[in-house]
Amino acid sequence: MNFDAFVEKIVDLVRRNMGKAYEIRVTKVTKNNDVELTGIVVAAKADKISPTVYLEGLYEEYLEGTVIETLADKIVDVCKGHMQDVKLDMDFFRDFTQVKDKIFYKLINFDKNRKLLEEVPYFRWHDLAGVFYYAMEEEILGRASITIHCQHMTMWGQDVDSLYRTAKQNMKEGMPELLISMPELFSQMTGIVVHRNEEVPMYVLTNQEKLYGAAALLYSEQLKNLAEQMDCDLLILPSSIHEVLLIPDDHQKGYDFYMKMVDEVNRTQV
């Protein structure tokens, strides 16, 4: 069974299981780097928020031998559990005065996100684009976020410049930067003590939440302080949207070496 037939079959199974009180539909969601995922949305008529379950991973399970009825049951369990646990009133989201203090920006690749950038407000920064998001503060959802689309901007009566000014004001206080050595960060995350490599010291720039922390590049004050402390320029290696790596420029290797290294790591590991 190919993927399209799989989607059609699993939608039919979920619809039969959930009953007529729910709307079952398929949606396409554009993620970072214009990766498009297929999701199934299960929505009760009274709900203002409904879960989306992405189907690509489930299709892989199907190809590995899992019975499709079992996968449909998994979707139903996820959706019913979500509906029992999450009861959010999202009416506040229509009022810009109620959301403006939690609007931030993140950095993504411009060329690889052209399709997404047709749908969202953004600003350019070198070969990157800054897009805006609203940071949720719900205990059940954890660190959830809502990407701000053009229709949100229109609904609020805002433009890109006003969103940028709002997010810029929020970044330093709401997402304070974190500049830390790689061994220290690794030790914090794992509990294993790692000694610093003095020959090639490496640092990580992110934010205290470690969420979309590469954007700290735009407002970091510690970056300049580190360069002055080490008395050299710093090479900034883009690790992910959540952080960048910093190493002193010792002029021993050409920039092409580091560009190839970043490309290889991001292509095969990240």
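**Aromatic rings in a predicted model**

R124 lies over the face of F110, 3.7 Å from the ring centre; a charge counts as over a ring if NZ of Lys or CZ of Arg is within 6 Å of the ring centre and within 35 degrees of the ring normal. This is a predicted model, in which local features need pLDDT of at least 70 and side-chain atom pairs count only at pLDDT 80 or more, while totals for chains, interfaces and linings use all residues. Residues are numbered from 1 along each chain as its sequence is written, and side-chain values use heavy atoms, with hydrogens and water left out.

**Exercise 1.** Classify the pair of Y105 and Y164.

Step 1: Rings of Phe, Tyr and Trp (its six-membered ring) pair if their centres lie within 6.5 Å, and planes under 30 degrees apart count as stacked, over 60 as edge-to-face and the rest as tilted. A search of the whole structure finds 17 aromatic pairs.

Step 2: The centres of Y105 and Y164 are 6.1 Å apart and the planes stand at 15 degrees, so this pair is stacked.

Step 3: Y105 belongs to strand β4 (residues 103–109) and Y164 to helix α7 (residues 160–174), 59 residues apart, so that the pair links distant parts of the chain.

**Exercise 2.** Decide whether Y105 is buried or exposed, and do likewise for Y164.

Step 1: Buried means under 20% relative accessible area, exposed over 50%, and partly exposed in between (1.4 Å probe, protein chains only).

Step 2: Y105, with a relative accessible area of 1%, is buried, whereas Y164, with 27%, is partly exposed.

Note on methods
Helix = DSSP H or I, 4+ residues; strand = E, 2+ residues; numbered from the N terminus.
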